Amino acid sequence: MVTVPRLVVAAPSSGSGKTTVATGLMAAFAGRGLSVSGHKVGPDYIDPGYHTLATGRPGRNLDAYMCGPELMAPLFAHGAQGCGLAVVEGVMGLYDGASGQGELASTAQVAKLLRAPVVLVVDASSQSRSVAALVHGFASWDPQVRIGGVILNKVGSDRHEALLREALDESGVPVLGVLRRAEPVAVPSRHLGLVPVAERRGDAVAAVAAMGAQVRDGCDLDALLALARSAPAVPGEVWDAAQTVGAGAGGGALPRGSAPDPAPRKPAGPRVAVASGAAFTFSYAEHVELLAAAGAEVVPFDPLRDEALPEGTRGLVVGGGFPEVYAPELSANEPLRKAVAELAASGAPVAAECAGLLYLARSLDGLPMCGVLDAEGRMSERLTLGYRDAVALSDSVLAAPGTRMRGHEFHRTELAPGAGSEPAWGMHQPERRVEGFVQQGVHASYLHTHWASAPGTARRFVERCKG
């Protein structure tokens, strides 16, 4: 049973102030000495980095499209274990989900699966009495979604606040906070959203502190905590990487009441190097946990600083991020580029997603990269964004042919060619195409996947690392 006090921070639309309020709540309650867990609905990698700063715990994603609705409560419970409060930041508008899929992957769906009360953040800058109609509409649209309160953002004056409160008195939804119109907290953006924490750690710490102060001063924290504590228990088990990896090739949790066979302690398994640092910030915390549970010794390294792979590396994982921003520095680190190419040429398992795909290419914006793939990458004017249903087309270190996975693409770059002679994936939305590269031990693709949805992926990768 999941019994952690919890809130979902949602909004009528993007740009209403969800990130400021959610991160500010995490920081404010952590400042009170409460152990807080931060979560983000959807595939976003960047916001959880700010959640991590606010809470001191890994920020985690809850994506019902990639992982399936059935894993939302178990993954939430795993991330929130031992906490006195969990704050879940929503995505887009409260009822917005995967295109053409109804409520799937929406904040509303996740709130219902977690049986969590919703705090609606409303941009009140251009309205007064109409706010009551807006809140009433959101509160009554789905009776299973419990909107427990409203935080009014961008309020202009005491008079404006009084008008808003008077209107909302008639709605029956309490006002739990009022944030005045002010200069936004300094969190710079660029072509894929906010600049990640790893690229501006000092400034990011200051920004999170400012969010915490803004929310602390403008919100009724006692009322919000009481609302969080009113959430009922959620039936279900806590997701566990070790148990999940032992669940057989089909993935998922072991049957209720079963347990992995006991095994004697073993020496450290194959060493898997995982790219980190400012250029490669896009990863899900569960990936490393699954690799370790499958028997790997996981060692992070920074391609911007380290001139060699960790000694004894038997496998390599290079996730997403912003290689286009750091292309000159990545290219200048020639010793590491050669080491990566040599590892790939040896047939060792290499898994690369999006930024990792570009790093393995021959070049990026004309600058030499690792040269593992005979392809060239460059920045593009076109943003590629959306969920994907994919099927593995080639036998690889991640999947057997025919394996179906759901993923997400999010990039403003392009690679030519976009697929090798043995493509990684076949996809049918938004158009039918093949994508990615499988060669020797390399699996490289633009597709971001969440391995919790298919734990056989981590187990297969680590087994291939053992040789």
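Student: Let's start with helix α5. Is α5 mostly covered or open?
Tutor: Helix α5, residues 107-114, is mostly covered, with 7 of its 8 residues buried. Buried means under 20% relative accessible area, exposed means over 50%, and partly exposed is in between (1.4 Å probe, protein chains only). Helices are DSSP runs of H or I with at least four residues, strands are runs of E with at least two, and both are numbered from the N terminus.

Student: Which residues in α5 are buried?
Tutor: They are Thr-107, Ala-108, Gln-109, Val-110, Ala-111, Lys-112 and Leu-114. Just after α5, Arg-115 takes a positive phi of about 50°.

Student: Before we go on, what kind of model is this?
Tutor: This is a predicted model, where local features need pLDDT of at least 70, side-chain atom pairs count only at pLDDT 80 or more, and totals for chains, interfaces and linings use all residues. Residues are numbered from 1 along each chain as its sequence is written, and side-chain values use heavy atoms, leaving out hydrogens and water.

Student: Okay, back to phi. Where else is there a positive one?
Tutor: Lys-154 has a positive phi of about 60° although it is not a glycine. Lys-154 sits in strand β6, residues 147-155, and is partly exposed, at 30% relative accessible area. Another is Gln-440, with phi near 50°.

Student: And where is Gln-440 found?
Tutor: Gln-440 is in the loop between β20 (437-439) and β21 (442-445). With a relative accessible area of 60%, Gln-440 is exposed.

Student: Why point these out?
Tutor: Because most residues other than glycine have a negative phi, and most peptide bonds are trans.

Student: So which peptide bond is cis here?
Tutor: The one from Ala-416 to Pro-417 is cis, with omega near -5°. Pro-417 lies in the loop between β17 (404-416) and β18 (425-427).

Student: New topic: how many disulfides are there?
Tutor: A search of the whole structure finds 0 disulfides, where a disulfide is a pair of cysteine sulfur atoms within 2.5 Å.

Student: What about Thr-55, which residues does it touch?
Tutor: Leaving aside residues up to four places away in sequence, Thr-55 touches Met-26, Val-36 and Gly-38, a contact being heavy atoms within 4.5 Å. Thr-55 belongs to helix α2, residues 47-55, and is buried at 16% relative accessible area.

Student: Let's zoom out. How many helices and strands does the chain have?
Tutor: There are 15 helices and 22 strands. The chain's radius of gyration is 23 Å, close to the 23 Å from the globule rule for 467 residues, so the chain is as compact as a globular protein of that length. That radius is taken over C-alpha atoms, and the rule is 2.2 Å times the number of residues to the power 0.38.

Student: And how much of the chain is buried?
Tutor: Of the 467 residues, 55% count as buried. The C-alpha atoms fill a box of roughly 70 × 55 × 45 Å along the principal axes.
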